[in-house]
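Open the model in your viewer and get the selection tool ready. We will walk through it stop by stop, and at each one you will hear what to pick and what is there.

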Amino acid sequence: MTTMESLIGLVNRIQRACTVLGDYGGGDNAFSSLWEALPSVAVVGGQSSGKSSVLESIVGRDFLPRGSGIVTRRPLVLQLHKTDQASQEYAEFLHLPKRRFTDFAMVRKEIQDETDRVTGKTKQISPVPIHLSIYSPNVVNLTLIDLPGLTKVAVEGQPESIVQDIETMVRSYVEKPNCIILAISPANQDIATSDAIKLAREVDPSGDRTFGVLTKLDLMDKGTNALDVLEGRSYRLQHPWVGIVNRSQADINKNVDMIVARRKEREYFATSPDYGHLASKMGSEYLAKLLSQHLESVIRARIPSITSLINKSIDELESEMDHLGRPIALDAGAQLYTILELCRAFDRIFKEHLDGGRPGGDRIYGVFDNQLPAALRKLPFDRHLSLQNVRRVVSEADGYQPHLIAPEQGYRRLIEGALNYFRGPSEASVDAVHFVLKELVRKSIGETQELKRFPTLQAEIAAAASEALERFRDESKKTVIRLVDMESSYLTVDFFRRLPQEVDKGGNPAATTMDRYGEGHFRRIGSNVSSYVGMVSETLKNTIPKAVVYCQVREAKQSLLNHFYSQLGKKEGKQLSQMLDEDPALMERRQQCAKRLELYKAARDEVDSVSWVR
């Protein structure tokens, strides 16, 4: 393969890849940037200017729809791929990727049918392109974009905006700085009225990107010629004008072979008294070679920027693939390993929340430092140890036999009644920590990026964690209630030993006996019980958090998913696969990214394979 064929074939294949990328992703920024960085040739001309004949001459096949009015109603992205001389010619449409067309009459029909599928059988236009690839030994590697012919008036069945709509569509292609404009003008019309030249002058005032093509040279009035244009005197471009002799309508009707038509075109220029001296630089074959040579120079200049853009796109796609995760293996052992890895990733984030690496764990400390003390302060001890209630409880405890010194049973009943109030704050502390742990599980699942792919596994982990937290909560409640019950079941002996001494402090036993059923006596009993309850409250304020942390937080850190792990080992391959049933949207996105990545890497390999060519 020659240097030129290598370079142009490279761009052709990358453009083909970009076309597929667009089909898979649609609107991908990297795809759009890469497509626009590659040079292509847009064929521009007015209606009946001979655009179709020029394209068919370059391809060497009669394959485009013909007729009056607007025949090209959608852009046709035509990619030509040069094959070995012995290869059979065939065509492929992007919308029919598995079907090869060897009959080019069927290619013409499919172009017409595909146009009608989008625009209907009307004269409407659409900016949605048709992508056609032709593989032939008789073409040069080239990408051509056939655009609807520019028109000046709307005909019946077309909206009044059709003129502007077509121009807007054509401009969207030719305004791109890497677009080469093939401006088609008929020789039997004044070049000053050429729609193609007018538009090209506006978007490419320097003429660096414009190639002028003059068609229908054989249809000019006798005694006239187009030498002023072809030799650059009438309208000068940076690149030489090329004259084309289109097939006659009689040849088209007779289905004259394009190879024969090319030979007739060569003979016309070789024998023409007006154009004989330009014969070597005229005709469709020369035009194709001229475009190829220009493309080669453009591509050489673009290779560094194309390489940079491809590498940047590959880096971005690989980063996204890492974010989305790699495809899941079908082997049950590999699936089990994947599930365990995902569980560990979740568990690591959950522990980071508890240990302070991520926010949320501090809320547990808030339960112990704020919520529990506040709840203890709000307990109704004032009502329970009121003078009236103390008198009632002590009197009921004495029964028919009044107490002699200290009302022991009264004290016990008052203390036990007061300690029962500690059950509420204790259980509330357990529930509050349980709520925080459940919330941290939910956040941790949401923050485990690897789990986002697997909604079923997310639900399974959430259910397993919730079940474990429920068990921890039940055990924690039993423990804190035991702490309260322990305080009730055994009162501190030293407390009772001090009671007689406090009674005798007045130094007058007779007075104390007289006051046994007085108001002061019951106030002292209430005060003594309050002191004891306060002592117990301080103890529980320290021991309840320890019990909760031991039974809930510590267990959640160490064995949150232990039961889940034990159940995983019993599951069969089908059950494991169901747990790894991905979110369809993420699965589709990964497939898109994988396809893009494959095509970008192929493009990079293409660039590397010819970058050394000089």
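Start by selecting residues 90-93, strand E3, and residues 96-101, strand E4: the two form a hairpin with two residues between them. Helices (H or I, at least four residues) and strands (E, at least two) are DSSP runs, numbered from the N terminus. E3 and E4 pair in the antiparallel sense over two bridges, where pairing requires that DSSP finds at least two bridges between the strands.

Before moving on, a note on what you are viewing. This is a predicted model, in which local features need pLDDT of at least 70 and side-chain atom pairs count only at pLDDT 80 or more, while totals for chains, interfaces and linings use all residues. Residues are numbered from 1 along each chain as its sequence is written, and side-chain values use heavy atoms, with hydrogens and water left out.

Now zoom out to the whole protein. It has 23 helices and nine strands. Of its 614 residues, 48% are buried; buried means under 20% relative accessible area, exposed over 50%, and partly exposed in between (1.4 Å probe, protein chains only). Among contacts (heavy atoms within 4.5 Å) with a separation of 6 or more, 81% are between residues 24 or more positions apart.

Next, select residues 40-45, strand E1. Is this strand buried or exposed? Six of its six residues are buried, so E1 is largely enclosed by the rest of the structure. In a regular strand the side chains alternate between the two faces of the sheet. Here Ser 40, Ala 42 and Val 44 point one way, and Val 41, Val 43 and Gly 45 the other.

Now for the helices. Select H20, residues 519-559, together with H11, residues 332-355: their axes come within 9 Å and cross at roughly 150 degrees. Axes are lines fitted to C-alpha atoms, for helices over the stretch in contact, and angles run from 0 to 180 degrees between N-to-C directions. H11 and H20 are therefore roughly antiparallel (under 35 degrees counts as roughly parallel, over 145 as roughly antiparallel, 65 to 115 as roughly perpendicular and the rest as oblique). To see the contact, show Asp 347, Phe 350, Lys 351, Leu 354 and Asp 355 in H11, which meet Val 553, Ala 556 and Lys 557 in H20.

Stay with H20 and bring in H14, residues 387-398. The axes of H14 and H20 come within 9 Å and cross at roughly 90 degrees, so the two are roughly perpendicular. Leu 387, Val 390, Arg 391 and Val 394 in H14 meet Glu 519, Phe 522, Arg 523, Ile 525 and Gly 526 in H20.

For the last stop, select Val 436 in helix H16, residues 423-447. Val 436 is buried, with a relative accessible area of 4%. Which residues does Val 436 touch, not counting those up to four places away in sequence? Show Gly 360, Arg 363 and Ile 364 to see them. The C-alpha atoms of Val 436 and Gly 360 are separated by 7.8 Å, although the two residues are 76 apart along the chain.
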